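Morning, everyone. I have one structure to walk through today. Please keep the view open while I talk.

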Amino acid sequence: MIELYQVTKVYPGGQVGLREVDLKIEKGQLVFLTGPSGAGKTTFLKLIYREEMATSGYILVNGRNVSSLPANKVPYLRRTIGVVFQSFRLIPRKTVFENIAYLPRLLGMGGQEQRKHAYETLRRVGLAHRMNAFPRQLSGGEQQRVAIARALINQPDILLADEPTGNLDPELSEEILRLFLEINLQGTTVIFATHDRELIRRVGRRVLTLEDGQLARDDMLPAGTVLPPSADAAVEAMDDAEAAAPDAPYGEPG
Amino acid sequence: MSLFQALIYFFREAAVNLVRGWKVSLLAILTITVSLFLGGVFLLASENLRSRLDQWRDESRLVVYLDTGVEAAARQRVRALIETAPALVEVQIIEPDEASERFLRAFPSLADLLEGWGEEPLPASFEVRLDWSQVEKERFDPWLQGLSADVAVTMVDDDRDWLEQLEAAVIVLEGLAFVLGLVLLATAVFTISSVIRLTAYLYHDEIAVMRLVGATEFFIRGPFYIEGFLQGLGGGLLATGLLAGGHRLLTHEAGDVLVASMLIDRFLSPGQLVALVALGAGAGLLGAIVSLRRENLGATAENPEEWAEQE
């Protein structure tokens, strides 16, 4: 499903985002991606949906090398990948329906069909009744669920989440996590980048730990497992760093 | 999505953008209106002057003045020479009496002048009408030289001399109009490009989301192209409307004034009006293309047909 071979990303100016990463993520897996700020989590995700290009190495998504994908084919790749961000990235002047209906519209669905499709997707995230609301009328958790609905509307093979619970309180984070688990149960491969070690501990599954752009650990944990010391230390170090400095804004390599 | 569906979407989004940013859109439309209106005024003036020039050229004659008291044989010789003219249409002898009558009709206040000149104040002449469109310079010039050299001929008056000077003036005017039109159009393109760039900036969050969910560049840029096109089209329609209104007003109010009559004799043809509107729409589209290139929204727009096939 997703394979990385010796993937390195060096940004202009020499900052290393990822360093010789090798890994394979099978179809239908839920994978947590963790590590301190600047470890390369966001870079990792951006490389998969081709927001960034690898400096060297190969990234195969469903057998296609996305590193060598021509620019005009990137949109077609992105239609198979849903992406969710910490900052939701909703358009404030558009309704919930309009926010999530971009893809159905560009795929040529009629108005009725778009609404039906949006309704069904919003029902999956428990927001069918807020279809005509504007983002400012929604809570943070609801806004994130709209963002998830937007990512899910084309039933993607892969769902990438970059700190999706970062702006939410623990209860809402729990709610959003449950949603991701449900989505994963329906067969979607999920890569969930997070700082929240409690969340990782509670759910378990596969945990990839990045440090300085390198894959430091690749653990398969059952739910309720206490994280191995190195991963735990990595998360703690990350927490310390977070306490010292606020989150890097979206768009910077992280 | 088919190309038709995409166009419907583009037009709808462009209309929303135009309404939301109506003030800047109006500025862009007015800039292009002024440009095309001034361009249209110059076109109208040059068209009318050229039409008048063509009319004068068609009516222009070659007048061959004979010496006073020239004998019949000499007249016959000159006439025979004239009849060898290239593309001759008509030749007519104007006797001194008729020449005097014409002079008096044209300048009645100068009647005294003729009286002082005795019996034959004006010489006989031949008026020669040629089909100027068929006249070849290589044949005409030697013929004219031969005619002028005849002893019975005192002067050959060619109307085309001053018509050529007038034509040169019209060409200069057209050149100036062309340059001015280009400058004004470039201003309009720049204004529209700035407006579109501003709109693209205002919608950058939406563009980012569209790109994220897999919208092609064609789909992202389409509404902006159509927005520029509509602004240009609006400017073109407004300019032609103003031209028509102005022409009608001028015809009604100042039709008797010589200069005005030279400019309003005929209005622009439907083809020219369509071209003016198309120029506006094209300038708007160009403005949008320039603006989005500057904004570097992403990769080059894809081939819409290929895109439509893959949807």
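One definition before we start: two strands count as paired if DSSP finds at least two bridges between them. With that in hand, take S1(B) and S3(B): 4 bridges join them, and the two strands run antiparallel. One caution: this is a predicted model.

Let me stay with that sheet in chain B. It is an open sheet of 4 strands, antiparallel in its pairing, and the order is S2-S3-S1-S4. Which strands stand at the edges? They are strand S2 (88-94) and strand S4 (153-158) of chain B. Each has a single partner strand, so one side of each is left without a neighbour in the sheet. From one strand to the next, the twist averages 15°.

Now the pairings, one by one. S2(B) and strand S3 (residues 125-130) of chain B run antiparallel, joined by 6 bridges. In that pair, B:Val91 stands opposite B:Val128 of S3(B). Next is the pair I opened with, S1(B) with S3(B), at 4 bridges. There, B:Val63 has B:Glu127 in S3(B) as its bridge partner. Last, S1(B) pairs with S4(B), again antiparallel, over 5 bridges. B:Tyr65 stands opposite B:Met155 in S4(B).

What about the faces of S1(B)? In a regular strand, side chains alternate between the two faces of the sheet. For S1(B), the covered face holds B:Leu62, B:Val64 and B:Leu66. B:Val63 and B:Tyr65 make up the uncovered face. So which helix packs on this sheet? Helix H6 (residues 137-149) of chain B does, touching strand S1 (62-66) and S4 of chain B. The direction of H6(B) makes about 145° with that of S4(B).

Let me widen the view to chain B as a whole. The chain has 12 helices and 4 strands. Of its 311 residues, 29% are buried. Take the contacts in chain B with a separation of 6 or more: 90% of them are between residues 24 or more positions apart.

Helix H7 (residues 160-202) and helix H9 (residues 217-254) of chain B have axes that come within 10 Å. How do they cross? At roughly 140°. Angles over 145 degrees would count as roughly antiparallel; H7(B) and H9(B) are therefore oblique to each other. Their crossing is right-handed. On the H7(B) side, the contact residues are B:Ala188, B:Ile192, B:Ile196, B:Thr199 and B:Ala200. On the H9(B) side, they are B:Phe224, B:Glu227, B:Gly228, B:Gln231, B:Gly232 and B:Gly235. By class, that contact has 5 nonpolar, 5 polar and 1 charged residue.

Over to chain A, starting with its open sheet. It has 4 strands in the order S2-S1-S4-S5, with antiparallel pairing. The edge strands are strand S2 (16-25) and strand S5 (64-65) of chain A, each pairing on one side only. Strand S4 (residues 56-61) of chain A pairs with S5(A), antiparallel, over 2 bridges. A:Val61 has A:Arg64 in S5(A) as its bridge partner. Helix H1 (residues 41-48) of chain A lies across strand S1 (2-10), S2 and S4 of chain A. H1(A) runs at about 120° to S1(A).

Most residues other than glycine have a negative phi. A:Asn62 is not a glycine, yet it has a positive phi of about 50°. A:Asn62 sits in the loop between S4 and S5 of chain A. A:Glu163 also has a positive phi, about 50°, and is not a glycine. The loop of A:Glu163 lies between strand S7 (158-162) and helix H7 (170-185) of chain A.

Buried or partly exposed: where does A:Glu163 fall? The cut-off for buried is 20 or more other C-beta atoms within 10 Å. A:Glu163 has 23 such neighbours, so it counts as buried. A:Asn62 has 15, so it is partly exposed.

Terms used
Residues are numbered from 1 along each chain as its sequence is written. Chains are lettered from A and ligands numbered from 1 in the order in which they are written. This is a predicted model: local features need pLDDT of at least 70, side-chain atom pairs count only at pLDDT 80 or more; totals for chains, interfaces and linings use all residues. Two residues are in contact if their C-beta atoms, placed from the backbone, lie within 7 Å. Axes are lines fitted to C-alpha atoms, for helices over the stretch in contact, and angles run from 0 to 180 degrees between N-to-C directions. Angles under 35 degrees count as roughly parallel, over 145 as roughly antiparallel, 65 to 115 as roughly perpendicular and the rest as oblique. A crossing is left-handed if the near helix is turned anticlockwise from the far one by less than a right angle, and right-handed if clockwise. Ala, Val, Leu, Ile, Met, Phe, Trp, Tyr, Cys and Pro count as nonpolar, Asp, Glu, Lys and Arg as charged, and the others, Gly among them, as polar. A residue is buried if 20 or more other C-beta atoms lie within 10 Å of its own, exposed if 12 or fewer, and partly exposed in between; C-beta atoms are placed from the backbone.
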